[in-house]
Amino acid sequence: MAGTPFDLQLLNFCAALLLLLSFAMLAQRRIVTLVNLLAIQGAVLLVATLLLAWRTGEHHLYLSAALTLALKVVFLPWILHRLIRRLQVYWDTEPLLNISGTMLIGLLVVVFAFGLAQPISALASTATRNAIGIAVAVILLSFVTMITRRKAMSQVVGFLSMENGLFFGAMSATYGMPMIVEFGVALDVLVAVLVLGIFFFQIREQFDSLDLHHLESLKESQPLYEGPREGSPGSTVSGRMPAQKESR
């Protein structure tokens with residue numbers, strides 16, 4: 001570490017913070033705290049982007065940092081907090097696994113992520129290639145967060161954290177994506193959150209809960225075609241349509 005530049009040490013520190021925040025989100029059951037951790041993760045990603053822009057001289061990374069500040073640090077957490085207050089959903093009380101089992105799976109996922117990222121890190125030529133394993137670990141931990149939660153709000157937070165991991169991985173491997181791609185991804189994420197907000201209200205109105213296991217109980221109430229009712233014009237005793245007379 002003595003020969004490592006100070007800015008690169010700060011970048012590695014930001015990568016370690018992203019990983020720790022992903023573990024904290026994996027163990028968190030209070031949804032308000034989960035959204036706050038997502039905002040902190042966005043702020044750490046903002047600092048890492050600014051450090052990398054200053055180190056490499058890539059000016060498009062400053063635009064990426066501004067987009068991260070506006071969308072991931074301010075706007076999306078604000079929308080999620082409003083949804084939490086409107087829907088009054090504060091706890092994810094019924095996870096599929098307990099905290100100990102979830103954290104054990106998280107440790108195994110991190111080991112797998114670092115093994116998976118080794119070939120990618122060997123091919124990358126950037127100074128931050130050692131952080132690619134952390135980026136893959138953040139993506140997989142966010143995926144574990146999504147599949148172990150029942151509340152729709154927690155799953156959306158996991159989805160947004162996964163997008164943060166993808167952005168950090170692209171930044172570590174290639175010094176960021178082209179701006180047109182970043183703007184497209186940001187627009188897709190924003191539209192997805194807005195649509196999911198409408199989806200939350202529909203679930204709450206239908207089931208009085210945001211627990212997604214209620215969706216498994218949906219069944220077809222009526223077949224698409226029942227045929228004419230008995231006694232109605234053009235019906236027979238068996239309920240089938242009468243056969244048409246042959247034309248002469």
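**Close-up 1. Helix H5 is mostly covered in this predicted model.** Twelve of the 16 residues of H5 are buried. The helix runs over residues 132–147. From its first C-alpha to its last, H5 reaches 23 Å, close to the 22 Å expected at 1.5 Å a residue.

**Close-up 2. The buried residues of H5 and their packing partners.**

**Close-up 3. H1 packs with H6.** Helix H1 spans residues 6–27, and helix H6 spans residues 152–174. Their axes lie 12 Å apart, at an angle of about 165 degrees. The angle is over 145 degrees, so H1 is roughly antiparallel to H6. The two helices cross with left-handed geometry. H1 contributes Ala15, Leu18, Ser22 and Met25 to the contact. H6 contributes Val157, Ser161 and Phe168. By class, this contact of H1 with H6 has five nonpolar residues, two polar and no charged ones.

**Close-up 4. Ala124 in the loop between H4 and H5.** Ala124 counts as buried because its relative accessibility is 14%, under the 20% cut-off. Leaving aside residues up to four places away in sequence, Ala124 touches Arg129, Ile132 and Ala173. Ala173 is 49 residues from Ala124 along the chain, yet their C-alpha atoms are separated by 5.9 Å.

Conventions:
Residues numbered from 1 in each chain as written. Predicted model: local features only at pLDDT ≥ 70, side-chain atom pairs only at ≥ 80, totals over all residues. Heavy atoms only, no water. Axes fitted to C-alpha atoms, helices over the stretch in contact; angles between N-to-C directions. Helix = DSSP H or I, 4+ residues; strand = E, 2+ residues; numbered from the N terminus. Parallel < 35°, antiparallel > 145°, perpendicular 65-115°, else oblique. Left-handed = near helix turned anticlockwise from the far one by under 90°. Contact = heavy atoms within 4.5 Å. Nonpolar A, V, L, I, M, F, W, Y, C, P; charged D, E, K, R; others polar. Expected span 1.5 Å × (residues − 1). Buried < 20%, exposed > 50% of the residue type's maximum accessible area, 1.4 Å probe, protein only.
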